[in-house]
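Thanks for passing this one along. Here are a few notes to read beside the coordinates, in the order I would click through them.

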Amino acid sequence: MKFEVKHCDQESDARTGVISTAHGQIETPIFMPVGTAGAVKGVHFAELREQVEAQIILGNTYHLYLRPGLDILRKAGGLHRFNTWDKPILTDSGGFQVFSLTGIRKLREEGCEFRSHIDGSKHFFTPENVMDTQRVIGADIMMAFDECPPGNSDYQYARKSLRLTQQWLERCIKRFNETEPHYGYSQTLFPIVQGCTYKDLRIDAANHVCDALTHLDDCGGVAIGGLAVGEPTEVMYEMIEVVNGVLPKDRPRYLMGVGTPQNILEAIERGVDMFDCVMPTRNGRNAMLFTYEGTMNMRNKKWEDDFSPIDPDGCYIDRLHTKAYLHHLFKAQELLALQIASIHNLSFYLRLVSDARQHIAAGDFTSWKRSVTEQLGKRR
């Protein structure tokens, strides 16, 4: 994997770039639709390509390990061939999912024992077998196995958790370096910066990751984890600034699990290049549509006889259907409503980062961001 910075904003840390992978190029800043179990909920891959214009999607190691399982993925020739997505894929290591299984997991230095949320069967994740699992999945970008502590963790727990994540990272790197891809193309590993909301721990974590990058045989970038998990928004922004002040500028930076359109623009301004979040599809399935004019609740009666396009500047499906029709579909509990709303939201998120790229290149990103941020947060 290669990363090239193309443009830098003169008034902030925003930048554009291009990530090159075996399955194609990714223009940054970029938003990555979440395809947890190998599929983006409610959206066909043809729609992801043609309407959403997604450049990369996510899969999740925990979920894919449980279903369909490694044997099926290996026989299929990896996730790309299994689900027919021919562009880049990033896999989350499953750490967040495992550690969210409160009460049915046991954490120790060797790894984490957990019970499946599907059938209660017992499993054990280690840094080594998580690397092996992601090799089988065949993601272009693999994530290191880490612990994601709760956002309200006290300092002692956060420090202990970070030490464990750092030990696991060293084991991930060793396993990554001593294994080979299965399907004839290269894979890369992203370390994850943890440290909760404590500045000194975040700096420690970022420095440790910088050192780790020098020991990786094929390393592309760095992830920032453990944010947007309950801490105040301004604290999240502060932690991004702290971490990006340490991380190398020639590597892409991936902010995991964030967030709202406003969050994304604020993080771009602070030097983040990659984003993912379930919010576009989850909120879409609940009739909430993101637009530059604010968030629309399509169940509201005000849309009942509004025959204007869902979004006149949006993708094909936005221009094809009216607000009144989508309102009707939600009231009638038609599955098509969930599909249209999900496509719209994902398309809007991809348009948002595309517009950000254009304004960074044009040199007016900061003023453009100020002009749209307040309106994005309005309720319609």
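**Notes on the predicted model**

1. Which residues of H9 are buried? They are Met-236, Tyr-237, Met-239, Ile-240, Val-242, Val-243 and Asn-244. As a reminder, an α-helix has 3.6 residues a turn, so residues three or four places apart point the same way.

2. The geometry of H9 (residues 233-244) is worth a glance too: with 12 residues, the helix reaches 17 Å from its first C-alpha to its last, close to the 16 Å expected at 1.5 Å a residue.

3. Next, have a look at the open sheet of three strands, ordered E7-E8-E9 with antiparallel pairing. Strands E7 (105-108) and E9 (122-125) are at the edges with a single partner strand each, so one side of each has no neighbour in the sheet. From one strand to the next, the twist averages 15°.

4. Between E8 (residues 111-115) and E9, which run antiparallel, there are four bridges. Phe-114 stands opposite His-123 in E9. Helix H7 (residues 155-178) packs on this sheet and touches E7 and E8, its direction making about 75° with that of E7.

5. Beyond its neighbours within four places in sequence, Leu-70 contacts Tyr-65, Thr-133 and Val-136. Leu-70 and Val-136 are 66 residues apart in sequence, yet their C-alpha atoms are 6.6 Å apart in space.

Note on methods:
Residues are numbered from 1 along each chain as its sequence is written. This is a predicted model: local features need pLDDT of at least 70, side-chain atom pairs count only at pLDDT 80 or more; totals for chains, interfaces and linings use all residues. Side-chain values use heavy atoms; hydrogens and water are left out. Two strands pair if DSSP finds at least two bridges between them. Helices (H or I, at least four residues) and strands (E, at least two) are DSSP runs, numbered from the N terminus. Axes are lines fitted to C-alpha atoms, for helices over the stretch in contact, and angles run from 0 to 180 degrees between N-to-C directions. Contact means heavy atoms within 4.5 Å. The expected span of a helix is 1.5 Å times one less than its number of residues. Buried means under 20% relative accessible area, exposed over 50%, partly exposed in between (1.4 Å probe, protein chains only).
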